Amino acid sequence: MATLQTRATARIMMSPAVILLFLWMIVPLVMTLYFSFLRYNLLMPGTEEYVGFLNYQYFLTDPAFFTALGNTLLLVGGTLLITVIGGILLAIVLDQPFWGQGIVRLLVIAPFFVMPTVSALVWKNMLMHPVNGLFAWIARSFGIQPVDWFAQVPLFSIILIVAWQWLPFATLILLTALQSLDGEQIEAAEMDGAGPISRFIYLVLPHLARAITVVILIQTIFLLSVFAEILVTTNGGPGLQTTNIAYLIYSQALLQFDVGGASAGGIVAVILANIVAFFLIRLIGKNLER
Amino acid sequence: ETLTIATVNNGDMVRMQKLTEDFTKKNPDIQLEWVTLEENILRQRVTTDIATKGGQYDVMTIGTYEVPIWAKQGWLLPLDGLGADYDKADLLPSISDAVSVDGKLYASPFYGESAMVMYRKDLAEKAGVTIPEKPTWDQIADAAKKMTDKSTETYGICLRGKAGWGENMALLTATANSFGARWFDEKWTPQFDQPEWKKALTFYVDLMKEAGPAGASSNGFNENLALFQTGKCGIWIDATVAASFVTNPKESKVADKVGYALFPTGGVENHGNWLWAWNLGIPAGTKKAEAAQKFVSWATDKAYTELVASKEGWANVPPGTRTSLYANPEYQKAAPFAKITLEAMTAANTSKPTVKPVPYTGGQFVAIPEFQGLGTAVGQQFSAALAGSVTVDQALQSAQALTTREMTKGGYIK
Amino acid sequence: MARSVTTQRKLIFTIIGWSIGFLIFFPILWTLLTSFKTEGTAVATPPQFLFFDWTLENYHEVQSRSDYGKHVMNSIVISVGSTLLGLVLAIPAAWAMAFSPTKRTKDILMWMLSTKMMPSVGVLVPLYLIFRDWGLLDSRLGLVAVLTMINLPIIVWMLYTYFKEIPGEILEAARMDGASLMKEIIYVLTPMAIPGIASTMLLNIILAWNEAFWTLNLTAANAAPLTAFIASYSSPEGLFWAKLSAASTMAIAPILIMGWFSQKQLVRGLTFGAVK
Amino acid sequence: MGSITLEKVSKSFGSTSVIPEIDLEINDGEFVVFVGPSGCGKSTLLRMIAGLEDLSGGRVVIDGKDMSNEAPAKRGLSMVFQSYALYPHMSVYQNIAFPLKMDGQEKSAIDKKVKDAAHILNLTNYLDRRPGQLSGGQRQRVAIGRAIVRQPKAFLFDEPLSNLDAALRGNMRLEISDLHHQLKTTMIYVTHDQVEAMTMADKIVVLNAGRIEQVGSPLELYKSPKNVFVAGFIGSPRMNLVEGPAAAKHNAVTLGVRPEHVQISKTEGLWKGTVGVTEHLGSDTFIHVQTENTGKITVRTDGDFATEHGQSVYLTPDPSRLHLFDANGQAI
Amino acid sequence: MGSITLEKVSKSFGSTSVIPEIDLEINDGEFVVFVGPSGCGKSTLLRMIAGLEDLSGGRVVIDGKDMSNEAPAKRGLSMVFQSYALYPHMSVYQNIAFPLKMDGQEKSAIDKKVKDAAHILNLTNYLDRRPGQLSGGQRQRVAIGRAIVRQPKAFLFDEPLSNLDAALRGNMRLEISDLHHQLKTTMIYVTHDQVEAMTMADKIVVLNAGRIEQVGSPLELYKSPKNVFVAGFIGSPRMNLVEGPAAAKHNAVTLGVRPEHVQISKTEGLWKGTVGVTEHLGSDTFIHVQTENTGKITVRTDGDFATEHGQSVYLTPDPSRLHLFDANGQAI
Ligand SMILES: Nc1ncnc2c1ncn2[C@@H]1O[C@H](COP(=O)(O)OP(=O)(O)OP(=O)(O)O)[C@@H](O)[C@H]1O
Ligand SMILES: Nc1ncnc2c1ncn2[C@@H]1O[C@H](COP(=O)(O)OP(=O)(O)OP(=O)(O)O)[C@@H](O)[C@H]1O
Ligand SMILES: [Mg+2]
Ligand SMILES: [Mg+2]
C-alpha cells in the first residue's frame with residue numbers, strides 16, 4: 001500500500017475534508033475568541049469596546065458556573081450510567097430467543113428517532129406531570145403520593161428523559177457486540193464449570209468493554225451539549241439545579257443576547273470539552289486499539 | 001411581492017393565518033409567508049435577526065417588552081402609513097402608550113392582556129367565601145385555603161412557578177408591585193434586600209405550599225390552564241386571555257362556573273400593572289415597507305375584528321386593544337369577562353409600575369435589554385424557593401447578588 | 001449452543017422482553033394515542049387509554065395550519081443532501097486514512113471528532129453574520145452546508161472503520177489490474193463498502209433530521225424543516241397536547257418508519273464498525 | 001476412569017437427521033480419532049459427548065454412568081476447540097487457572113497446578129501474556145493447558161490444529177501424542193485430515209454422513225479398508241481407484257491400488273500412459289500418469305527416478321496389494 | 001518476454017532493514033519459488049517486484065527495462081494474492097474481465113478472453129456466480145483467471161494455497177503446475193511450505209531474514225544444501241541435525257542426515273536409543289527415537305516396521321548420505 005505515489009495521493013484526497021472542517025472550526029472559533037474580548041450585546045449595538053478578560057472573569061466567577069459544571073458532569077455521568085447498565089441488561093434480554101423478538105427490538109430502538117424537543121415535551125407534560133401526568137395517576141392508583149418530578153428531582157428527571165433517548169443507541173451497540181461474542185468461548189467456559197453469572201462477569205463484560213467505550217465516547221460528545229430538553233422542561237431551574245454549561249451559555253447568548261459573555265462561555269466550554277476529550281481519547285486509545 | 005411574517009403560535013395568530021385569503025383577495029399583488037413559532041424561539045429568532053440586520057422578516061410579532069427597546073435602537077419603522085381607517089385614537093391608552101415612543105407608534109397592537117383573578121364560583125360558594133371585585137391578597141389567601149381539598153385533588157390556588165422571565169417572574173413582579181416592592185431604586189440598585197420583596201415572596205411561597213397543587217414550581221401558563229380547565233383549581237390569577245379558554249365549553253369542564261376579579265392588592269393601591277400585548281412591527285431594514293404596512297393595518301384595524309366575528313364569532317376576536325370593542329354589546333354578551341378585562345387594562349400603568357419611584361418602565365417586567373436574562377436567573381431562584389430547595393431568604397439573597405453583578409457588568413451601577 | 005431452549009424459559013423471556021419493549025415504547029405510543037383525542041380528553045384524569053372518541057380533528061387542524069409537505073420536503077432535502085455531500089467529502093478522506101495511514105491519522109480522526117464538542121449556541125452569532133453576508137440565511141443550501149460540516153466527523157469516522165475492514169489486498173489487486181485511483185475507488189472500494197456506506201447514510205440522515213438548533217436558527221419560511229414545524233406547536237397559549245401529539249407523530253413518522261425498515265443496516269451504522 | 005460408551009446415539013436438527021444412530025465403545029486411555037469429510041457430523045458427535053448439544057436419542061455413558069442429561073461441567077471432560085476459544089482479555093495464567101477458579105479451589109493449589117501445566121507445555125515464559133500476543137502454536141498449547149489442569153476423565157479435541165501452518169501442525173501433532181503418552185488419559189480427537197488421524201490414533205473412527213464406515217487401528221484401515229470410502233480417505237497420496245475392464249478382470253467393480261504399490265518402468269508393464277506433472281519431494285517422487293485405459297494414476301517412486309513431462313511410461317500394480325470392491329463399494 | 005532481474009534490491013521500513021541487499025536473476029518461463037520462514041521478507045520482495053512497495057535501494061529490471069519507479073499496472077505483471085482478493089460484488093465473469101475493462105478493451109474481445117480463461121480453468125459453469133458462492137478452490141481459480149487474461153509477462157503468487165485444506169492444496173498444486181506447462185509464462189511463487197516449493201519449482205530461492213541462503217533446483221537443494229538453514233528447511237520430515245562427538249568424528253561441527261537415510265534395527269547399529277512417538281502413515285512410518293548421545297532422531301521406514309513406545313532400537317546413518325557443516329553452518 002505504501003508507495004510514495006499512494007501516500008501523495010492520500011494527502012490530496014484527505015485535504016478537502018480536512019480543510020473544510022478546519023475552516024468550519026477555525027473561522028467561528030476565531031470570531032468567537034475575538035468577540036469574547038468585547039463588550040458586545042446584540043441589543044445595544046454601537047457600544048462594542050475592548051474589555052480584556054472581563055467576560056471571562058464574569059463567566060468564571062458566575063455563581064452558576066461551578067454548579068453548571070457539576071450539573072454537566074452529573075448529567076453526562078448519570079445518563080451514561082443508566083444507558084450503559086440499562087443497555088447491557090436490555091441487550092442480554094434481547095439476545096435471548098423469545099417470541100416476537102424482532103418487534104420488541106423495533107419498539108426498543110424507536111426513541112432514538114424522536115426529536116429531543118418532542119420527547120422532552122411528551123415526558124414533561126404527558127408522563128411526569130404531577131397532576132395530569134400518567135405517572136402521577138399510576139402512583140395515585142396505588143395510593144402513593146405522586147412524585148413531583150421537576151421540583152423534587154429535577155436533574156434526575158432530565159437525566160431520565162435524556163437516558164430514554166439514548167438507551168436504544170447503547171442497547172443496539174451492546175447487542176451487536178454481544179452477538180459477536182464467540183460461541184465457542186462461552187462453551188469453553190461452560191465446560192470449565194462457569195455458571196451464568198461467572199460467565200457474565202468473566203467473559204461477557206470484558207468482551208463488551210470495547211463496545212462500552214464506543215457508547216461512552218459517542219454519547220459524551222452528544223450529551224455535553226444537551227440543552228433542548230432543559231429549555232423545554234425546567235428552564236434550568238428550580239434554582240440552578242438543572243443548569244448545565246450549554247444552558248448557561250444559551251442563557252447568555254439567547255436570553256441576554258450578550259454575545260461577548262456567550263463567546264467567553266463558548267471558549268470555556270471548548271476548553272472543558274477538550275479536557276474531557278483528552279481523557280476520553282486516552283481511555284479509547286487503550287480500548288479501541290485492541 | 002412576498003411578505004415573510006414571523007408570528008407566535010397562539011390561537012389568535014393562528015386564526016389570523018387562516019384568514020390570509022381575505023387579505024390576498026384585497027391585495028392580489030402581495031403573497032404572505034408565515035413563520036409560526038413558539039414564543040421563546042420566536043423571540044430568539046426575531047431578535048437575532050433584527051440585531052444582526054439579517055433581513056429575513058418583513059413583519060414581526062413582538063411583545064410590549066421589545067417595542068420600546070427596539071424603537072430606541074432605530075430598528076423599527078415608525079408606523080405612519082397605516083391608512084385612514086386605522087383610527088389610532090381608538091386604541092386603549094395604556095396599550096397605545098406601551099407601543100409608542102415619543103408619541104410615535106412603532107408597532108401595532110394585535111391583542112392585549114392584563115392579569116386578573118379567575119375563580120370557581122361553585123367552589124367559593126361551597127367553601128362559604130366571597131371574592132370581591134377588587135380583592136386583597138389576604139382575601140385571596142383566605143379563600144384559597146378554604147377551597148383546598150387535597151383528597152379530591154382540588155387546590156385552592158394555581159399560580160405560575162416555572163422559572164422564566166415571562167413565566168413566574170411575570171406573576172411575581174406584578175405581585176411584588178402590588179406589595180409595594182420594586183426591582184431597582186432610582187440609582188439602579190437592586191431591591192431584593194428590602195422588606196417588601198420578602199413579604200411578597202414569603203406570602204407567595206406560603207400560600208402555594210398550603211393551597212397550591214403539586215409540582216407548582218414547574219407550572220407555567222399552560223400547565224395552570226390545564227389544571228383549571230379540568231377543575232382542579234379554585235383560583236387562578238393569570239393573564240386575561242385565559243378567560244376565553246376557561247369559558248370555552250369545548251375545552252373546559254368548568255366553563256359556566258367561572259367568576260372574575262381584579263388583580264389583588266397587597267397593602268398599597270397597586271393592581272400589579274400587568275400589561276402585555278403582542279404587536280406587529282416592521283423592521284427598519286425591510287425593502288417592502290409599504291406592503292408590510294398594508295398588512296399590519298389589515299390585521300389590526302377594526303375591520304379585522306369584524307371579519308373574525310363574522311367567521312368565528314365574537315368570543316374569538318382578538319381582545320384588549322381597542323376601546324370600541326368593549327363598547328360593543330355583542331362582544332359584551334359573548335365575553336362575560338369583558339368588563340373586568342377592560343378595567344384591568346385601564347388600571348395598568350406601564351410608565352409608573354410601582355408606588356415608589358423607579359428609573360424604568362414596564363409592569364410585570366422591566367423594560368431593559370438585560371431583563372430576559374436577569375429575570376430568568378432570578379426566576380430560577382424563586383422557583384427553587386417554591387420547590388423548597390432553598391429558603392425565601394436565600395433566594396432573595398442570591399437574587400440580590402446576581403442582579404447586582406449583572407447590573408454592574410451592564411454598566412448601570414458605576 | 002444448539003441445546004433446546006425450554007418453552008418455559010422462552011415464555012419468561014417473552015414476558016420480560018415484551019414488558020420492557022412496551023415500557024420503552026410507551027411514550028411514543030401514548031403520543032400516538034393522544035393525537036387521536038380531543039384536547040379535553042387529552043388532559044383528562046383518569047387517563048383514557050383506548051376507549052375514547054377517536055378523532056382525526058387534530059390532524060386536520062395541523063394540516064390546515066401549516067404546509068406539512070413543505071417541511072417534510074425541506075427535511076428530506078437537508079438531511080439527505082447534507083449526508084450525500086458529506087459522503088462525497090468523506091469517502092476520499094476515509095480512503096486515505098484507512099489505506100495510507102500515517103502516524104497522525106488517529107490524531108486527525110480525534111481532532112475531527114472534537115470539533116463536534118463546540119457548543120453550537122456559542123458560535124451562533126458569528127455564523128449568523130457569515131450567513132447573512134453570504135446570503136445563505138433561510139436557504140436549503142446553507143443548511144446543507146452546516147449540517148454537512150456538523151456530521152462530517154462522524155461520517156469520516158464511520159467510513160474509516162468500515163474501510164479498515166476491507167482487505168487492502170483487494171485494492172492492490174485492482175491496482176495490479178491497471179485501475180487508476182479514481183477507478184479503484186469507483187469500481188472497487190465504493191461498491192464493496194456499500195453496506196457500510198448505507199448504514200453511515202442512515203445514521204447521518206437521522207442525526208440531521210433531528211438536529212434542532214441550526215435548522216431552527218438559520219431558517220425562516222423557505223427552508224424550515226420539521227423541527228421548525230414542531231416549534232410552531234409546542235406550548236402556545238391554551239391546550240395543545242393533542243395537536244402537539246398529532247404534529248409530533250407527523251414529524252417523527254417518516255424517520256421512524258425509515259429507521260424501522262432499515263434497522264439491520266442501522267445497527268451496523270450505529271456500532272461505528274467498532275464491534276466486529 | 002475414562003471409558004465412554006455411545007449407545008444408539010442419534011441427532012437431528014429439526015427434521016434433518018445429521019447422525020442416524022451410532023454405537024461406539026471408547027476404552028480408558030485410548031486415543032480415538034474421528035475422521036471424515038467436512039460436514040459428516042464429527043463435531044456434532046463430539047459436542048454431544050461433551051454435553052454441548054442435546055441428544056435426539058440414545059445414551060452417552062461415561063465410566064458406566066449415564067450422563068446423557070448432565071450439564072457439560074458435570075461430565076468431567078475437557079474440550080479444546082478449533083478456534084482455541086481462549087479468553088482474550090485474560091493472561092495465559094488466568095486462562096489456565098480459570099477452570100480451577102470456577103471450581104473454587106484455593107489460590108496456592110491453583111498456582112501450583114497452573115505452573116505444572118505451563119511447565120509441561122513449555123509455556124512458563126509466557127504466563128503473563130495475553131492470547132493476542134501469542135503465536136498460533138502457543139495459543140494451542142494454552143488451550144490444552146486449560147484442558148489439562150482439571151485432570152479430566154477424557155479430553156475432547158475439535159480440529160485443534162486446523163488453524164496452524166504445515167510445519168507447526170507437524171510439531172503440535174507430536175506434542176499432543178507425547179502428552180497422551182505422558183498422561184494416559186482418554187482422548188477423542190476430531191479431524192478431517194487423514195494424516196493426523198493416521199499418525200496419532202490408537203483407533204480411528206471413519207465417519208461419513210453421520211454413519212460409522214469403519215473402526216480400527218490406523219494400519220488396519222490402511223491395509224484392509226472395508227469399503228471404497230475408507231480406501232479413498234485413508235492414505236496419502238490417495239489410493240488409485242480404477243473402474244472398468246481392469247477391475248472386471250478381478251471380478252470387481254472397483255479396483256484400488258495405492259501409489260506406493262505401483263511399479264513404473266520406461267519399457268514395459270501392464271498399463272501404458274504418459275507422464276503428467278511430476279512432484280519431487282526429495283525423498284520420494286510422485287508421478288501423475290495419464291494412462292490410456294485406466295484414467296489418471298499416481299505413482300510413488302523413490303527420489304531418484306527421473307522422468308519428463310509427456311514421456312511414455314508403463315505401470316504395473318503389485319498384484320498382492322490390490323483392493324477389490326463390489327458394486328456397493330464393499331471390499332470383497 | 002518475462003525475465004526479471006533484481007539488482008541490489010533492498011528495503012527498510014523506517015529504521016528496520018527487512019531486506020539488506022538482494023541480487024537475483026529470473027529467466028523467461030521459469031517457475032521460481034521463494035521459500036522461507038514466516039517474516040523473512042518473501043512477501044515484501046514479491047511486492048517490490050510488483051510495484052506495490054517502494055524500493056529502498058537497487059533496481060528491478062523487467063525484460064531489460066528498469067521498472068523500479070513504474071506504477072504496478074505498467075509493469076505487465078499479474079498477481080494472485082493469498083486472500084485471493086476477488087472483488088466480492090462482481091460475478092466471476094466480471095472479476096476476470098476487470099483488468100481487460102481497465103485496459104479499455106472492446107466488449108467482444110473481452111468476452112472471448114474471459115471465456116477462454118474460464119475454459120482453461122474449468123470455470124465455465126460458474127461465470128455468473130459471486131465469489132461468495134464459490135468453494136475455496138474455485139475462488140483460487142478465479143483469482144488465477146483474473147491473472148491470466150492479461151497475458152502478463154510474469155505471474156506473481158503470494159502463498160496462494162495457504163487458505164485451503166490439505167486435500168485441496170494438493171489438487172491446486174497440480175493445477176498450477178499444469179498451467180505453467182501450458183502457458184510457459186514466468187511464475188514467481190511465494191510460500192513457506194517446503195513441500196509446495198519442492199514439488200512445483202524449477203528453481204527455489206531460499207530466503208532467511210531478508211537474505212538469500214541458496215538458489216537452485218529442488219533436487220539440488222535436497223541433495224546438497226549449502227548450509228544448515230537450507231538443510232533443515234528443505235525435506236520432510238526435517239533432516240536430523242546432530243552436534244557433538246558424532247559430528248566431530250567427521251571433522252564437522254554439525255552432522256546432518258535425512259530420516260530416510262537412517263537404518264533402524266532392533267539388534268545392532270551405531271546409535272542406541274528408545275522409541276518415542278511412532279507415526280504410521282500406512283505407506284511409511286516415522287519413528288521418533290530418543291538416542292542416548294545424539295538427541296532426538298527421526299527415522300523413516302516403510303509401513304510395515306513394527307515398534308512399541310519405549311522399545312530399545314539401534315540407528316545407523318547411511319555414510320554416503322551424510323551432510324557435514326562447519327561452525328558457521330556452511331556445508332563442508
Ligand atoms: N445448529 C445446526 N442446525 C442445523 N444443522 C446443523 C447445525 N449444526 C450442524 N449442522 C449440520 O450438521 C452436519 C454436521 O455438522 P458438523 O459440524 O458436525 O460437521 P463436521 O463433520 O464437524 O464438519 P467440519 O469438518 O466442517 O467441521 C452438517 O451438515 C451441518 O450443516
Ligand atoms: N508495513 C510494514 N512496516 C513495518 N514492518 C513491516 C511492514 N511490512 C512487513 N514488515 C516486516 O517485514 C518483515 C518481512 O515481512 P513479509 O510480510 O515480507 O514476510 P513474509 O516472508 O511474507 O512472511 P509470511 O510468510 O508470514 O507471509 C517482517 O518482519 C515484517 O514484520
Ligand atoms: Mg467440525
Ligand atoms: Mg507473506
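Reader: A salt bridge is a side-chain nitrogen of Lys or Arg within 4 Å of a carboxyl oxygen of Asp or Glu. How many are counted between chain C and chain B?

Author: The count between these two chains is 2 salt bridges. The model is predicted, with local features needing pLDDT of at least 70 and side-chain atom pairs pLDDT 80 or more, while totals for chains, interfaces and linings use all residues. Residues are numbered from 1 along each chain as written, chains are lettered from A and ligands numbered from 1 in written order, and side-chain values use heavy atoms, without hydrogens or water.

Reader: Which residue of chain B forms a salt bridge with C:E61?

Author: The partner of C:E61 is B:K18, and their closest N and O atoms lie 3.3 Å apart.

Reader: What area do chain C and chain B bury between them?

Author: Together they bury about 2,700 Å², of which 53% is on carbon and sulfur atoms (accessible area lost on being put together, 1.4 Å probe, summed over both). On the chain C side, C:R65, C:Y128 and C:E237 supply 25% of the area buried against chain B, more than any other three residues.

Reader: Turning to chain B, what is B:F382 in contact with beyond four places in sequence?

Author: Its contacts there include B:N168, B:M169, B:L172, B:F192 and B:W197. Also among them are B:L201, B:A395, B:L396 and B:A399.

Reader: What ipTM and pTM does the predictor give the complex?

Author: The complex receives an ipTM of 0.82 and a pTM of 0.84. For chain D, the mean pLDDT is 88, and 99% of its residues reach 70 or more (the predictor's confidence in each residue, from 0 to 100).

Methods: Contact means heavy atoms within 4.5 Å. Buried area is the accessible area (1.4 Å probe) that two parts lose on being put together, summed over both.
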